Amino acid sequence: MTFAAIIVAAGSGTRIGAGPAKQWRLLAGRPVLQWSIEALDRAGAAMGVVVIPPGEEARARALLGDRPDWTLAVGGATRALSVQAGLKALMVPAETPVLVHDAARPLVDGRHVDALLKALETADAALPALAVADTLRRVEDGKTVTVPRDGLWRAQTPQAARRGRLEAAYARWSGPGEPTDDAAVVEADGGTVALTPGDPALMKLTYPEDFDMAELLAGRTMTTRIGQGFDAHRWGPGEAVWLCGVRIDHDQTLIGHSDADAGLHALTDALLGAIGEGDIGDHFPPTDPQWKGAASDLFLKHAAAMVTARGGRVLNVDVTLICERPKIKPHREAMRERLAALLGVSLAQVSVKATTTEGMGFTGRQEGLAAQAVALVELPA
Ligand code: CTP
Ligand code: MG
């Protein structure tokens with residue numbers, strides 16, 4: 001079913017303590033807000049609005065990346081005002097289901113979305129909710145009293161309602177106080193509300209210690225994948241060779257359609273292999289004139305961007321160059337730095353090694369140079 005998403009990220013995160021507001025902090029290496037954008041986009045949102053504090057457009061736009069159907073809106077002083085700002089910016093028909101989601105709940109995924117859209121077929125609003133498991137106590141006048149927990153549920157987001165219904169309900173809200181969620185607004189307007197299965201992973205980041213728990217849960221939702229790549233190019237007349245993105249003066253060059261950087265080619269194939277995306281030739285056909293003489297940096301960047309687009313990240317890579325000459329060791333650190341920059345990872349995540357084959361085989365006879373690589377990536381499970 002077609003649906004639209006509103007991610008509210010206009011809060012100032014006072015309870016999380018000193019430092020940046022929680023939507024910009026990193027969770028397992030990615031900004032909190034980015035998790036929800038990627039998850040709802042992947043779950044099939046036809047369009048989305050991210051509601052942000054004033055002055056944060058540049059930072060938020062970078063997180064939207066290449067998503068032409070996503071836009072930004074500036075939020076208000078309360079969550080309710082921010083949701084309304086999002087609705088205003090959302091150009092979809094009145095009957096389109098809208099999922100309103102707290103940026104502070106980064107671990108949403110497609111399963112939550114499917115259940116909500118299904119529930120919306122028979123209810124005016126739907127939300128994931130978890131039965132309260134702990135006994136509750138109320139503190140009153142210095143004394144504490146037990147509160148029966150029977151029938152109590154914890155409301156989470158995303159919360160679903162059709163766009164027209166939600167907008168009208170917000171417009172008619174007359175209190176008491178400020179609504180803290182969307183289902184409450186539809187309900188106050190006479191609408192029916194359905195509960196879908198809640199999930200501990202939909203926890204809201206509110207206090208500093210919540211980040212520790214979310215890191216653990218984020219790890220649980222990721223899976224690791226390995227890929228390997230191999231490439232070889234023939235030596236020919238020339239004065240320099242490109243290896244792992246570094247130019248080395250040499251009395252020969254490697255012959256190829258692009259710059260013949262076998263190190264980058266092997267590593268690109270390793271990354272593509274880890275995400276099951278074919279090989280370098282599928283993405284950059286050697287028959288296509290636009291790749292003639294191309295800097296192979298482009299190929300590796302493309303593969304790394306594909307990992308990121310899937311909500312994944314590169315954990316580590318290891319490249320082995322196989323040749324008798326040139327000597328690789330003097331250039332190894334420059335190669336690691338170049339690869340780390342191209343992949344957007346730290347130096348510690350990149351290894352470059354070299355070996356000869358002691359005169360044996362095509363590399364030993366110096367007919368050509370070979371490279372092999374492995375890449376380990378983490379992808380959403
Ligand atoms: N939110 C919003 N606009 C506001 C207030 C909150 O868009 N004026 C968003 C927050 O960014 C968050 C969600 O609503 O994604 C839930 O709010 P909450 O957890 O209370 O976040 P903050 O208001 O940022 O934090 P705090 O209440 O601790 O200041
Ligand atoms: Mg708040």
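1. Strands S7 (residues 125–131) and S11 run antiparallel and are joined by two bridges. Strands here are DSSP runs of type E with at least two residues, numbered from the N terminus, and two of them pair if DSSP finds at least two bridges between them. Within S11, Ala161 is the bridge partner of Ala125.

2. S11 (residues 159–162) also pairs with S6 (residues 97–102), in the antiparallel sense and over four bridges. Here Ala161 in S11 stands opposite Val98.

3. A word on the basis: this is a predicted model, where local features need pLDDT of at least 70, side-chain atom pairs count only at pLDDT 80 or more, and totals for chains, interfaces and linings use all residues. Residues are numbered from 1 along each chain as its sequence is written, chains are lettered from A and ligands numbered from 1 in the order written, and side-chain values use heavy atoms, with hydrogens and water left out.

4. Now to ligand 1. There are 18 residues around it (a heavy atom within 4 Å), and Val8, Gly13, Thr14, Ser82 and Lys204 come nearest.

5. Do have a look at the polar contacts (N or O atom pairs within 3.5 Å). A polar side-chain atom of Lys204 is 2.6 Å from an oxygen atom of ligand 1. Backbone takes part too: a polar backbone atom of Ala10 lies 2.8 Å from a ligand oxygen, and one of Gly76 lies 2.9 Å from a ligand nitrogen. The protein buries 88% of the 560 Å² that ligand 1 exposes when taken alone (Shrake-Rupley method, 1.4 Å probe).

Definitions and conventions. A polar contact is a pair of N or O atoms within 3.5 Å; within protein, one must be able to donate a hydrogen and the other to accept it, and residues adjacent in sequence count only if both atoms are side-chain atoms.
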